[in-house]
Amino acid sequence: MTQHPMSNERRPANHGPKAAARNRAALVTAAREIYAEHGLDAPLSAIARRAGVGQGVLYRHFPDRAAVATAVLEENVRQVEKAAATEDLAFAGVLGVLTWHLTESAAFIGLLHADADSRSDVRAYALALSERVERALRAHLPDGHRLGAAQDLMLAVAMVSGAVTGPTREEREHRALAAWRLLDVEVGPVRPFEG
């Protein structure tokens with residue numbers, strides 16, 4: 001009998017119903033990791049197991065697969081917004097946070113670039129997220145920056161996100177940084193926002 005590649009993960013103890021916020025945060029983190037490793041078709045049970053909760057807890061927070069993906073996207077954007085709200089972080093530092101999320105959530109990049117053929121609700125949500133990212137980045141964009149023109153900033157983000165491919169996180173980060181370099185844009189350390 002062959003085991004599923006994710007079935008050997010140890011399931012940590014559940015923290016109980018009083019830890020709802022902690023469980024939700026653990027589920028979002030686990031979903032980001034599992035989707036980055038195995039794609040959007042990874043079983044939801046693997047996400048629950050990685051988060052250390054039962055599937056019932058997962059379904060209490062997220063009724064379906066789309067809700068999990070939406071929560072990860074929302075958290076990615078929220079982290080970029082938090083980084084941009086930090087006054088001592090320069091534009092390059094905010095781009096480093098954005099780049100980290102692009103490399104960690106490569107499976108979701110298609111949602112950020114929903115086209116006209118997509119369902120209108122998905123497209124509207126993707127556009128709203130994109131506008132939030134643009135506002136956060138523009139708040140730190142230095143006057144006279146090469147990406148200051150109307151569409152240039154988000155076009156550059158789209159170009160970099162299109163380059164974020166590869167089987168490993170390291171390869172995706174390498175390609176993202178190479179794309180920023182080709183655009184002659186300085187990027188700070190590629191890491192999550194921890195402020």
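**Helix packing and salt bridges in the predicted model**

At 46% relative accessibility, E37 counts as partly exposed, where buried means under 20% relative accessible area, exposed over 50%, and partly exposed in between, with a 1.4 Å probe and protein chains only. The structure is a predicted model in which local features need pLDDT of at least 70 and side-chain atom pairs count only at pLDDT 80 or more, whereas totals for chains, interfaces and linings use all residues. Residues are numbered from 1 along each chain as its sequence is written, and side-chain values use heavy atoms, with hydrogens and water left out.

The structure holds 10 salt bridges, a salt bridge being a side-chain nitrogen of Lys or Arg within 4 Å of a carboxyl oxygen of Asp or Glu. One of these joins the side chains of E37 and R50, at 2.9 Å from N to O. E37 belongs to helix α1 (residues 20–38) and R50 to helix α2, so the pair ties together parts that are 13 residues apart in sequence; helices here are DSSP runs (H or I, at least four residues), numbered from the N terminus. R50 is likewise partly exposed, with a relative accessible area of 24%.

A salt bridge also forms between R132 and E74, whose closest N and O atoms are 2.8 Å apart. This pair links distant parts of the chain, with R132 in helix α7 (residues 120–138) and E74 in helix α4, 58 residues apart, and both residues are buried. In the salt bridge of R169 with E104, the closest N and O atoms are 2.3 Å apart; R169 lies in helix α9 (residues 169–182) and E104 in helix α5, so parts that are 65 residues apart in sequence are tied together. Both R169 and E104 are buried. Through shared partners, salt bridges join E74, E75, R78, E81 and R132 into one network.

Helix α4 (residues 65–85) packs with helix α5 (residues 91–104) at an angle of about 170°, with their axes 9 Å apart, which makes α4 roughly antiparallel to α5 (angles over 145 degrees count as roughly antiparallel, under 35 as roughly parallel, 65 to 115 as roughly perpendicular and the rest as oblique). The axes are lines fitted to C-alpha atoms over the stretch in contact, and angles run from 0 to 180 degrees between N-to-C directions. N76, Q79, V80, A83 and A84 in α4 meet V94, V97, L98 and H101 in α5, contact meaning heavy atoms within 4.5 Å.

In helix α2 (residues 44–51), A51 is buried, with a relative accessible area of 13%. Not counting residues up to four places away in sequence, A51 touches A26, L27 and A30; A51 and A26 are 25 residues apart in sequence and 5.0 Å apart in space, C-alpha to C-alpha.

Note on methods: Helices (H or I, at least four residues) and strands (E, at least two) are DSSP runs, numbered from the N terminus.
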